[in-house]
Amino acid sequence: MTRKAAVIGKPISHSLSPSIFGFLANRLGVTDLEYTAKEIAPEELAQFVERFGRELDGVGFNVTIPHKESIIPLLNDTAIEAQAIGAVNVVHRTQKGLKGYNTDVYGILRTFEKHGVSLAGKNAIIVGAGGAARAVAYALGMKNAAQVILLTPNQERAHALISAIQPHFKNTRFESCKDWSDLKPEKKSEAWSLIAQSTPLGMSSQPKTREGIPASDYFSQLQGLKFNSEAWAFDLIYRPEWTPFLEESKKQGLLPIGGLNMLIEQALETWRVWFGIKPAAELGDYLRYRPIFLTGFMGAGKSTIGPLLARELGWAFVETDQEIVREAGLSIPEIFRLKGEAYFRDIENSVIQKHAFQPRTVISLGGGSLIHPKTRDLLVKTGRLVLLSADPETLYHRLKSTSDDRPLLAQLSEEERRRKIESLLKEREPVYNLAAFRVDTTSKTPEQAAQEIREKLL
Ligand code: NAP
């Protein structure tokens with residue numbers, strides 16, 4: 001029997017959870033776990049929870065925006081830290097019903113441990129007062145920080161956070177302020193040991209504050225603050241990995257910590273909640289460095305952008321078509337002519353299987369590799385699948401000189417080739433849509449496309 005797990009939210013297509021949990025399941029040899037992303041609207045939540053509670057093969061699910069708070073009254077039980085924080089990001093189905101957890105706190109504590117952050121009796125700042133800020137505040141309370149100040153223009157939200165968290169920690173004093181100037185030595189004589197950034201400011205979708213101030217200008221106000229000689233700057237954002245906040249913090253001599261480790265640790269803890277076993281720590285490294293697969297139509301740029309991206313990352317590069325030629329001892333047109341496409345797709349599948357869990361590798365796939373259902377499932381589960389696209393006319397021109405070497409376009413007139421490209425693109429669109437995201441290379445240099453992939457990936 002398959003066991004079922006999911007991530008629920010709306011929107012959900014951006015979620016990294018299916019690829020993270022698919023990758024974990026594969027590495028750990030858990031072959032019966034089916035992990036899916038489900039778009040659930042607020043009005044569908046109660047029904048989903050009730051149904052999942054009854055499903056005997058349901059293991060649990062991850063919860064993301066906008067359900068992290070509203071799910072609590074629908075569950076049978078909630079762990080203490082999730083109650084205090086007022087947000088659940090993991091649900092486990094047990095004999096006694098559905099229990100909610102917040103594994104973000106754990107992710108933050110593990111991140112502090114990894115970086116040797118010691119906070120007992122020290123002072124810290126949290127920028128923002130949303131759900132993630134609540135988890136940071138709870139973790140700082142657990143670490144016995146002396147004082148935690150929330151910096152946010154939204155004082156109402158800050159006060160609600162303090163009312164929820166303060167009663168759990170007698171050694172830590174939580175306060176709030178509206179402006180950077182309230183944190184300067186003239187107003188607060190303390191030196192800070194940590195500043196945690198828990199707003200989305202600095203993600204590519206949020207380059208500016210609501211007042212239109214660019215993230216780097218906003219965070220340059222760190223300059224006026226007094227930090228201890230060893231002090232940390234922790235940005236919860238994990239995409240991109242290097243943020244304007246970290247850049248400004250580094251200029252001030254703070255020790256930078258990005259959000260990726262927290263994301264990975266909360267996922268490993270989710271696994272423990274569901275299966276009772278904590279995956280080995282090195283799995284975190286596999287997640288961080290799991291391979292990047294480039295897919296897309298022939299001519300979309302896989303063979304040019306792939307090696308470039310690998311070089312920039314310092315990773316290995318594999319081109320599956322070249323490996324197939326080596327393995328079969330025949331050229332690709334010969335394989336198609338003498339053995340047929342099905343034979344080609346089978347060898348392609350075995351080559352991809354071989355590299356699917358190879359960390360620090362960029363893998364350029366053949367244009368039609370996703371057609372094979374086994375390959376498709378494997379790629380969606382295991383890797384970071386990136387689609388390179390271009391408009392049909394651009395593809396036609398890029399492929400003009402090499403069409404005769406390409407079995408699917410050889411021996412066609414110009415007009416037939418154009419039509420063939422368009423029909424193949426249309427046919428493959430549903431499988432191309434399985435990619436985590438697409439990069440349109442039509443009017444980009446290979447360097448620009450590689451840069452865009454790096455920015456969008458973890
Ligand atoms: P949230 O509940 O919506 O809270 C966002 C906070 O940021 C609020 O204080 C909000 O202020 C403020 N804010 C929103 N847009 C802003 C802007 N343009 N400039 C300045 N402040 C802004 O979100 P969340 O769940 O706390 O998530 C916050 C960030 O943490 C996200 O980037 C998320 O990706 C990251 N995160 C990372 C991890 C991880 O594992 N690394 C886990 C969870 C979250 P208002 O109160 O005025 O709206």
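Mentor: Contact means heavy atoms within 4.5 Å, and helices (H or I, at least four residues) and strands (E, at least two) are DSSP runs numbered from the N terminus. This is a predicted model, in which local features need pLDDT of at least 70 and side-chain atom pairs count only at pLDDT 80 or more, while totals for chains, interfaces and linings use all residues. Residues are numbered from 1 along each chain as its sequence is written, and side-chain values use heavy atoms, with hydrogens and water left out.

Trainee: Which residues of α11 meet which residues of α18?

Mentor: On the α11 side they are T304, I305, L308, L309, E312 and L313, and on the α18 side P446, E447, A449, A450, I453 and R454. By class, this contact of α11 with α18 has eight nonpolar, one polar and three charged residues (Ala, Val, Leu, Ile, Met, Phe, Trp, Tyr, Cys and Pro count as nonpolar, Asp, Glu, Lys and Arg as charged, and the others, Gly among them, as polar).

Trainee: At what angle do helix α11 and helix α18 pack?

Mentor: Axes are lines fitted to C-alpha atoms, for helices over the stretch in contact, and angles run from 0 to 180 degrees between N-to-C directions. Helix α11 (residues 302–313) packs against helix α18 (residues 446–456) at about 55 degrees, with the axes 9 Å apart. That makes α11 oblique to α18, given that angles under 35 degrees count as roughly parallel, over 145 as roughly antiparallel, 65 to 115 as roughly perpendicular and the rest as oblique.

Trainee: How should I read aromatic pairs, and how many does a search of the whole structure find?

Mentor: A pair of aromatic rings is described by the distance of the centres and the angle of the planes. Rings of Phe, Tyr and Trp (its six-membered ring) pair if their centres lie within 6.5 Å, and planes under 30 degrees apart count as stacked, over 60 as edge-to-face and the rest as tilted. The search finds 16 such pairs. One of them is the tilted pair of Y35 and W274, at 6.3 Å centre to centre and with 45 degrees between the planes. Because Y35 lies in strand β2 (residues 33–39) and W274 in helix α9 (residues 260–275), the pair ties together parts that are 239 residues apart in sequence.
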